[in-house]
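Please go through the model below with this report at hand.

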Amino acid sequence: MSLLGRLSYYAGWFDARDDLSYPGTHLVDLEASWSIGNALTLTAGGQNALSRYPAENPGAAFSGNRYGPGSPFGSNGGFYYLRLAYRWN
């Protein structure tokens with residue numbers, strides 16, 4: 001079994017399209033892998049596992065952008081996955 005935990009910090013950023021500054025935030029990535037026999041590995045994980053979103057755009061009602069479009073970590077929340085890998089011997 002193997003475990004991965006990663007904490008990333010994105011500093012505040014300026015979005016020229018909206019002419020606004022947004023605060024920074026921390027993101028957490030998690031992953032766990034289990035070996036199944038000699039050739040299979042099952043992995044479950046999540047990028048932005050706590051599903052953090054950027055600060056909301058205060059002018060969203062006028063611009064149509066709920067979140068600033070230039071966010072360095074996206075605006076889709078968490079991404080979760082399950083992977084099965086086979087290793088040819």
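The report starts with the basis of the model and then turns to its parts.

## Basis

This is a predicted model, in which local features need pLDDT of at least 70, side-chain atom pairs count only at pLDDT 80 or more, and totals for chains, interfaces and linings use all residues. Residues are numbered from 1 along each chain as its sequence is written, and side-chain values use heavy atoms, with hydrogens and water left out.

## Overall fold

The chain holds one helix and six strands. Helices (H or I, at least four residues) and strands (E, at least two) are DSSP runs, numbered from the N terminus. The order from the N terminus is β-β-β-β-β-α-β. With a radius of gyration of 18 Å, well over the 12 Å that the globule rule gives for 89 residues, the chain is more spread out than a compact globule. That radius is taken over C-alpha atoms, and the rule is 2.2 Å times the number of residues to the power 0.38.

The C-alpha trace spans about 55 × 20 × 20 Å along its principal axes. Buried residues make up 27% of the 89 in the chain. Buried means under 20% relative accessible area, exposed over 50%, and partly exposed in between (1.4 Å probe, protein chains only).

## Strand pairing

Strand S4 (residues 25–36) pairs with strand S5 (residues 40–47) in the antiparallel sense, over seven bridges. Two strands pair if DSSP finds at least two bridges between them. Ile36 stands opposite Leu40 in S5. The hairpin of S4 and S5 has three residues between the strands. There, Gly37 takes a positive phi near 70°.

S5 also joins strand S6 (residues 79–86). These two run antiparallel, with eight bridges. Leu42 has Leu84 in S6 as its bridge partner.

## Salt bridges

How many salt bridges are there? The count is three. The rule asks for a side-chain nitrogen of Lys or Arg within 4 Å of a carboxyl oxygen of Asp or Glu. One of them joins the side chains of Asp29 and Arg6, at 3.1 Å from N to O. Asp29 lies in strand S4 and Arg6 in strand S1, so the pair ties together parts that are 23 residues apart in sequence. Asp29 is buried, at 14% relative accessible area. Arg6 is partly exposed, at 40%.

Glu31 and Arg83 also meet in a salt bridge, at 3.8 Å from N to O. This pair links distant parts of the chain, with Glu31 in strand S4 and Arg83 in strand S6, 52 residues apart. Arg83 counts as partly exposed, at 41% relative accessibility. Arg66 bridges to Glu56, and their closest N and O atoms are 3.1 Å apart. Arg66 is in the loop between helix H1 (60–63) and S6, while Glu56 is in the loop between S5 and H1, 10 residues apart. Glu56 is partly exposed, at 47% relative accessibility.

## Aromatic pairs

The structure holds five aromatic pairs. One of them is Tyr86 with Trp88, an edge-to-face pair with 4.8 Å centre to centre and 80° between the planes. Rings of Phe, Tyr and Trp (its six-membered ring) pair if their centres lie within 6.5 Å; planes under 30 degrees apart count as stacked, over 60 as edge-to-face and the rest as tilted.

Tyr86 is partly exposed, at 47% relative accessibility. Trp88 is exposed, with a relative accessible area of 73%.

## Nonpolar surface patch

Which residues form a nonpolar patch on the surface? They are Met1, Leu3 and Trp34, with about 390 Å² of accessible area together. Patches are made of residues with over 30% relative accessible area and no salt bridge; like charges are joined within 9 Å, nonpolar side chains (Val, Leu, Ile, Met, Phe, Trp, Tyr) within 5 Å. Areas come from the Shrake-Rupley method with a 1.4 Å probe, and for residues only the protein chains shown count as cover.

Met1 lies in the segment before strand S1 (2–10). Met1 is exposed, at 67% relative accessibility.

## Positive phi in the loop

Asn48 has a positive phi of about 55°, although it is not a glycine. Asn48 lies in the loop between S5 and H1 and is buried, at 6% relative accessibility.

Ser51 is placed in the loop between S5 and H1. Its phi is near 55°, a positive value in a residue other than glycine. Ser51 counts as partly exposed, at 25% relative accessibility.
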